[in-house]
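Please look over the sequence and the model below. The text after them is meant to be read alongside.

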Amino acid sequence: MFAYNQVRVFAPATIANVGCGFDVMGLALNEPGDEIVATRSVDPGIRITEITGDDGLLPTDPQKNTAGIGILQLWEELGLEGGLDIEIHKKMPMGSGLGSSAASAVGGVAVLNALLASPLSNDKLLPYALEGERVACGTPHADNAAACLYGGFVLVRSSDPVDVVPIQSPGDLCAAVLHPHIEILTEDTRRILRKNIPLSLAVRQWANVGGLVAGLLKSDYDLISRSLPDVVIEPIRGVLIPGFDAIKHNALESGALGCSISGSGPSIFALCKGAEKAESSGKAMQETLNRLELESDLYISPVNQNGPQVLERS
Ligand code: HSE
């Protein structure tokens with residue numbers, strides 16, 4: 001059943017929600033991302049033998065590990081025999097709003113699929129990756145994992161049963177993503193959200209989701225720009241991010257199509273037409289954090305259309 005003995009996979013960071021699409025929209029980035037290596041072993045069972053880039057924070061018990069749990073469950077479901085040694089190389093910040101847990105979870109199921117010469121579809125793999133999200137933050141929200149796994153822009157119409165709709169997006173759409181060096185846990189930022197919202201806000205929000213999807217499909221930048229705003233979640237979470245209002249103001253002033261919180265934050269993204277505009281918007285956003293003397297990373301990336309990539313196999 002196995003086609004290879006060892007595979008190394010890259011799984012990309014993602015922007016979840018993408019403004020108005022709380023829990024239902026996401027897009028993949030070219031960088032940063034995690035790398036997962038799986039090596040077959042004669043010793044039975046799944047072991048996490050090495051984790052780097054996590055400051056010793058992640059559990060090596062596969063049952064409790066975001067990458068391990070999906071591999072374990074998929075392994076059992078397929079009735080595979082023998083063993084597997086897993087290395088997890090975190091090459092992106094954790095608790096950053098860039099889909100770090102999803103990248104590891106997707107990297108895990110993708111590396112096992114690649115060892116088998118990729119017989120399993122994304123629809124089949126997604127539920128196993130979502131087990132990783134459940135372990136990481138208590139809820140199996142699918143927007144990060146689906147974007148990471150399918151690549152491109154996605155609409156998660158339903159995660160159970162899986163109904164992920166890839167949305168074609170204009171080729172020159174580019175994201176600037178600013179990551180302030182503070183950590184915010186998704187679990188905490190979900191707890192503070194209101195369980196009920198006024199109908200008038202819901203109407204504005206779902207009009208924007210429809211507008212964003214239509215704007216992407218039609219390459220209508222004005223429609224994308226008008227539709228990105230999040231009137232439900234951002235007003236609550238924005239206060240947790242130092243300088244958020246000024247950062248957003250700077251992004252819009254410098255010509256970004258829209259700007260909002262990436263996933264549950266603290267990263268902030270701006271979507272722009274073209275890489276040059278993304279560079280200048282990103283720098284304008286970063287100025288606010290420089291003034292606040294808060295360190296940050298800035299990533300500029302087009303929409304990654306590939307999802308997980310096999311880097312090496314033997
Ligand atoms: N949709 C999720 C949230 C993404 O906003 O809580 C978490 O990265």
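This is a predicted model: local features need pLDDT of at least 70, side-chain atom pairs count only at pLDDT 80 or more; totals for chains, interfaces and linings use all residues.

Residues are numbered from 1 along each chain as its sequence is written, and side-chain values use heavy atoms, with hydrogens and water left out.

The largest pocket has a volume of about 630 Å³. A pocket here is an open set of points on a 1 Å grid over the protein atoms alone, where a 1.4 Å probe fits, with protein on both sides within 12 Å along at least five of seven lines; lining residues have an atom within 4 Å of a point. The volume is the space filled by probe spheres set on the points, joined across faces, edges and corners. Domain 1 (6-167 + 305-313) and domain 2 (173-302) both contribute to the lining, so the largest pocket lies between them; the domain bounds come from an automatic or database domain assignment.

Strand E9 (residues 268-273) has five of its six residues buried, meaning under 20% relative accessible area with a 1.4 Å probe, protein chains only. Strands are DSSP runs (E, at least two residues), numbered from the N terminus. E9 pairs antiparallel with E7 (residues 173-180) over six bridges; pairing requires at least two DSSP bridges. Leu178 stands opposite Ile268 in E9.

Ser169 sits in the loop between E6 (162-167) and E7. Ser169 is buried, because its relative accessible area is 12%.

Key. Buried means under 20% relative accessible area, exposed over 50%, partly exposed in between (1.4 Å probe, protein chains only). Helices (H or I, at least four residues) and strands (E, at least two) are DSSP runs, numbered from the N terminus.
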